[in-house]
Amino acid sequence: MRSSFKLTRIFDIDIRVHITFLLFLLFFFVTSGPNGVVLILGIFVCVTIHELCHSLAAMHFGIKVKKIMLLPIGGVASMSDEPGKPFQELVISLAGPMSNILILLIFYLPLRMLLGNDTLMYPLLAMTGKARFAGGFSVIAYIYWLNLVLAAFNMLPAFPMDGGRVLRALLSYRMSRRKATNIAVRLGHVFALFFAYIGIVHGNIFLLIIAVFVYTAASNEGLQVNVSETIRGYTIKDILPDDFISVSPETHLGQVLEFVLHSHQEDFPVMESGHLVGFLTKKDFIRGLHVKNSEAGVSEIMRTDIPAIRVNTPLHEVRKLMQLHGTGAMPVIAGDKVIGMITAGDIDRVYITANDLTEGI
Ligand SMILES: [Zn+2]
């Protein structure tokens, strides 16, 4: 089953919604009725604008953005590369929260006129116990003030929040990126434990979920940077395996299975008269064997959206490209000739070996 579906496309970026979001909508419909649904949809519009602003800032610096995934807990923009300079990271990270602050500034007066002060201020006054009147449109006021929550939460100076990236960018002016990342990761862990503590004390399951999410995302961020920094300096040329098997669009899946069983290769460039016409990934091949029969041809399941990469591409860029295209392998070209194939496993081996070498094992 697909875990997400495409909602729309803005500025050449796919806006996708994760399937859990639908469950969330259903939950809020059952517990709070149509107002609950309006609230969640409103939050998602604000989150989408937030992520779009990160993306536009990234695109301004030449970083490609393929998609924005909307999850119940927020949004994630998939970018082709890390910002190269601290200043770029600073601008890209600030763009999201700033968009929410802009929404607050732009809509304050129009909403005040439209809803009246009591309704617009209701969400804030309700917390202090001073609210007098909710008004029928208080859900709009809640959506409005949630922009403040989004901006404030995201500016916490810890990974994986935007504030963690701002902190890393600022620290990067004075120390290495790896060291700056580690500080933001540790702060992420501290915040996660704090959320978990509050969540347990107040019996708030939502805060506990956020705590787990923040903790694992912070650790993951640390690992990603550690891997990128360790493999920096290596290119595909340094590790490209000597031999590889290619298949043709007419090759039967049964034959491909033979290749898989008799070699170490699990992904295959698809060639026709010496030209690359597609790529067969391990995942698509296994799915293909399940839904089609072994007589089906490779052309029926091969992917044509995985680009070939040049042999002098640095490994840390290859990793990013693999994540961006959702693949564990990519074809490698020199000139316009396919000369091999690189897998995530090949890159992991470099990381493990380089790490062992620095630790003197
Ligand atoms: Zn953000």
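This report describes the fold of one protein chain, from its overall make-up to a few individual residues.

The model is predicted, so local features need pLDDT of at least 70 and side-chain atom pairs count only at pLDDT 80 or more, whereas totals for chains, interfaces and linings use all residues. Residues are numbered from 1 along each chain as its sequence is written.

**Overall make-up**

The protein chain holds 12 helices and nine strands, where helices (H or I, at least four residues) and strands (E, at least two) are DSSP runs numbered from the N terminus. Taken along the principal axes, the box filled by the C-alpha atoms of the protein chain is roughly 75 × 50 × 40 Å. Of the 361 residues in the protein chain, 30% are buried; a residue is buried if 20 or more other C-beta atoms lie within 10 Å of its own, exposed if 12 or fewer, and partly exposed in between, with C-beta atoms placed from the backbone. Among the contacts in the protein chain with a separation of 6 or more, 57% come from residues 24 or more positions apart, a contact being two residues whose C-beta atoms, placed from the backbone, lie within 7 Å.

**Two crossing helices**

Helix α1 (residues 19–60) and helix α2 (residues 86–115) have axes that come within 8 Å and cross at roughly 145 degrees; axes are lines fitted to C-alpha atoms, for helices over the stretch in contact, and angles run from 0 to 180 degrees between N-to-C directions. The residues that make this contact include C46, I49 and H50 of α1 and V91, I92 and A95 of α2. By class, the residues of the contact of α1 with α2 are nine nonpolar, five polar and one charged, counting Ala, Val, Leu, Ile, Met, Phe, Trp, Tyr, Cys and Pro as nonpolar, Asp, Glu, Lys and Arg as charged, and the others, Gly among them, as polar.

**Strand pairings**

Strands pair if DSSP finds at least two bridges between them, and the table lists two such pairs.

In the hairpin of β5 and β6, two residues lie between the strands, and S273 takes a positive phi near 40 degrees.

Strands β8 and β9 belong to an open sheet of three strands with mixed pairing, in the order β7-β8-β9.

**Individual backbone features**

What kind of peptide bond joins F159 and P160? The bond is cis, with omega about 0 degrees, and P160 is found in the loop between α4 (138–154) and α5 (162–172).

The loop between β1 (4–10) and β2 (13–18) holds F11, and D12 is also found in the loop between β1 and β2. F11 has a positive phi of about 50 degrees although it is not a glycine, and D12, likewise a residue other than glycine, has a positive phi near 65 degrees. F11 counts as exposed because it has 10 C-beta neighbours inside 10 Å, and D12 counts as exposed because it has 10 C-beta neighbours inside 10 Å.
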